Every structure is written in structure tokens, then in C-alpha cells.
Amino acid sequence: MKIHLIVGARPNFMKMAPLYREFKKYCDLFEVRLIHTGQHYDQKMSKVFFDDLNMPQPDFYLGVGSGSHGAQTAKIMEEYEKVLLEDKPDWVIVAGDVNSTVACALDAVKLHIKVAHLEAGLRSFDRSMPEEINRLATDAISDLLLTPSLDGNQHLKNEGVSDDKIVFVGNIMIDSLVQQKDKADVSEILTQLNQQHKMKLEKGNYCLITLHRPSNVDTKEGLKVILDAFEKIAKDLHLIFPIHPRTQKNIEKFGFEEQIKRMTNLIFTDPIGYYDFMHLQMNAKFILTDSGGIQEESTYFGVPCLTLRENTERPITITEGTNQLVELKTETIIEKADEIIKGNSKKGKIPDLWDGKTAERIVSLFKRMRGEA
Ligand code: UD1
């Protein structure tokens, strides 16, 4: 059985690496090809993850780069269709909710090639987010829907998907985390940042920040609300802020560089590789983010997470994990951060099937589908 695994943007790499490795254990049964659309292309947004996660060079690199949603999605479709026609896989597996996910899924179904969606069924019910549209569209056309949590199964059933297409396999991102945890444990990133920035970072004395959602960083007002809160929080804690290219551009565009420089307790750095970022998460006092994956990783680590969004497609991180949603208001962000600094942080547990064995379950499923298991 020939299978294509699609990666495009940063959050895809840690989901496909464990699946690629697991399929490769059964070379006699599966011919696996890794396809990188090139949606993310920087060394620090892409290449470092291939190295840290021990992924081989992609078999096909589409090199599409950045663009508007329409242009980027169209370019991926145009390029990937050529690969499909040439290579003719039996299955295409896409992950998550980025433009590469929906573009490659659409190409495949139109050529009558089966599609499996990894991380299916998640819903924020907020159609102003491009990712929600990508999730809805990909789920609607996929043949196999692999869910990370049971709320995903329920959403799909509510949308009329038949039971036999939906399989609760667990959270594959946790597989990467379990496989790479030993390396993350011994990362020297805190020592390196201390030397570079003359700080005294140690376990529990800093807040880790990531921000890249258009709703937070694409307007001057939104970004100001957040940076004003950082100025106050930085009086009590060190802040580490690895910056996403979108956010970097907007900080320059809106003229916030001076405000950032004023915060002597804030470390503003390039995007960080996989192990080092895991190390920073595990040891943070708390995390402030608008990412999807970090809400889940922080729940796994039991580290409090404040998510700067009105909604989340990952509600299990709130009902069972350490995550809380925070309104985009300076005072609210400060108030929530203060609670954690004073020791009133939310406790959580690790959700069901976030156990490092999701890739194994998926490959067993494909073996059964081949009639081999
Ligand atoms: C994309 C995903 C988002 C995911 C995020 C993780 C979609 C719709 N969005 O958002 O769900 O959470 O990735 O990072 O697919 N850029 C670079 N170098 C790169 C990549 C991007 O400089 O390697 C810059 C470009 O100016 C680009 C901008 O970042 O225009 C945004 O990149 P894009 O892939 O369009 O969306 P993200 O904001 O990264």
C-alpha cells in the first residue's frame, strides 16, 4: 500500500514524524512517502524540526512558500496534483488545520484517492478563523477521520458522518513528545539564554510566550493590549518570547520595537527548535499562548497555560487539562497571570489516549485495512 504523509507548516512536523517512523517499521507492507508543501520554509520554522525529530528529507518538496490564503492554497493544489498523478498513492494522510491540509486533501479526493485526516473533528465553532474552515472542509471530504479526543467523534457524528469512518486514535503530538523527552530534558537552552541575555532563568521563574494568530497580532490595537500586559507581568517574572515571523513583521510595522526594548526582563528571540522549546515549556511557571498545539503540550506537562483566544477547538485542555481562555484585555491578562504567580494555578490530568502510542494504533488500523493484522 502506497501512502503519502503531508507536512507543510510547523505544527505538522511533530504529528507526522512518529507516524512516518511507525509506518517505516513495516516496509514490506507500506511504501511511505513524505511530501513537504513548503508552506513554512525558514530554517527556524521548518528545517530545525526535520533535524530535531529525525525526519528524512522529504521525497517531494513543493516549494510553495507564502501568499494570500487563496494563492497559497491554489499553488499547493497545483503542485501536489502533479505529484499525485505521477506517484499514484493509495492513501494520503493529512494532519491538523493548515492550508496545506485542506489543499492536499482536496487534490486527492478529486483524483479518487483516499484521504485520512489526522486530528479530525476538532471545532472552535468560530468561522472567522481560517483553521476552522480548513478543519470543516477537510473533515467533510475525508474517508477516514482519526480523532485525538472524544469531543471530535461527537462533532463529526453531529455533522452526519457515519460511525465507520471515525476512529478515536488519541493525540499523536504526544507521541513525539514522549519519544523526544529524554533529549528535551537535557537541553541547554536556559543556560544559553542566560549567557546571551545576562539573565538568571531557572525552573519556575519565567513565563513562556508564543503569539501568531491574526486576531491577536494583525492589528495595532490587539498587539498593544498584549504588550501592555507583558510590561506589567515582566515586573514579577522573566518573559521568554520566541517570535513567529508574522508577529515579528507586525511589531516592526506597528512601531512596537521601542516598547519591547524597554522590557529588560523580556527575552525576545528567534523561533526555537523542538527539544529546546519542550524544555522551556516543561520548566515554565506558566505559558501564555494563542497556539493550538501548545495548549495540548502544556496540559501534558501539567504546566498552567493562559490561551489568548475567545474559543478553542481543544476544549479538553480546559475540562481536563491546565488551560484557561483569556479575553484580549490588558487587565484580564494581568489578573490571570497574577493568580498563577501567587500560586493559584489550575491543576489538570492527561486526557485519555494521550499516551505516546497513537502512531502504533493508526498503523495497526492500516494493517487491518490491508487485511494483514
Ligand atoms: C500557519 C497556519 C496556522 C498555524 C501556524 C503555525 C494556516 C491557515 N495557518 O500560520 O494554523 O498555527 O502556521 O506557525 O495554514 N513566514 C516566514 N517564514 C516561514 C513561514 C512563514 O517568514 O517559514 C511568514 C510569511 O511572511 C508569511 C507569514 O509568516 O506570510 C505567515 O505564514 P503562513 O504560513 O501564511 O501562516 P502562519 O501565520 O504561519
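1. Let's start with the sheet built from 7 strands: this open sheet has the order β3-β2-β1-β4-β5-β6-β7, with parallel pairing. Its edge strands are β3 (60-61) and β7 (166-168), and each of them pairs on one side only. For the terms, two strands pair if DSSP finds at least two bridges between them. Helices (H or I, at least four residues) and strands (E, at least two) are DSSP runs, numbered from the N terminus.

2. A word on the model before going on. This is a predicted model, in which local features need pLDDT of at least 70 and side-chain atom pairs count only at pLDDT 80 or more, while totals for chains, interfaces and linings use all residues. Residues are numbered from 1 along each chain as its sequence is written, and side-chain values use heavy atoms, with hydrogens and water left out.

3. Within that sheet, have a look at β4 (residues 91-95) and β5 (residues 114-118), parallel strands joined by 5 bridges. Here W91 stands opposite K114 of β5.

4. Helix α3 (residues 69-87) lies across β1 (2-7), β2 (31-36), β3 and β4, and runs at about 165 degrees to β1. Helix α6 (residues 150-158) also packs on the sheet, where it touches β6 (144-147) and β7, and its direction makes about 165 degrees with that of β7. Contact here means heavy atoms within 4.5 Å. Axes are lines fitted to C-alpha atoms, for helices over the stretch in contact, and angles run from 0 to 180 degrees between N-to-C directions.

5. Now to the ligand. There are 21 residues around the ligand, and H40, E131, H212, R246 and K249 come nearest; a residue counts as near if one of its heavy atoms lies within 4 Å of the molecule. By class, this shell has 6 nonpolar, 9 polar and 6 charged residues. In that scheme Ala, Val, Leu, Ile, Met, Phe, Trp, Tyr, Cys and Pro are nonpolar, Asp, Glu, Lys and Arg are charged, and the others, Gly among them, are polar.

6. Which polar contacts (a pair of N or O atoms within 3.5 Å) does the ligand make? An N or O atom in the side chain of Q39 is 2.8 Å from a ligand oxygen atom. For H212, a side-chain N or O atom is likewise 2.8 Å from an oxygen atom of the ligand. N99 uses a backbone N or O atom, which lies 2.8 Å from a ligand oxygen. Taken alone, the ligand exposes 740 Å², and the protein buries 88% of that; these accessible areas come from the Shrake-Rupley method with a 1.4 Å probe.

7. As for the elements around the ligand, α3, α5 (130-141) and α11 (245-253) each give two or more residues to the shell. The largest share, 3 residues, comes from α11.

8. Strand β12 (residues 305-307) is joined to β13 by 3 bridges, and L306 stands opposite Q324 in β13.

How values were computed:
Polar contact = N/O pair within 3.5 Å; in protein donor to acceptor, adjacent residues only side chain to side chain.
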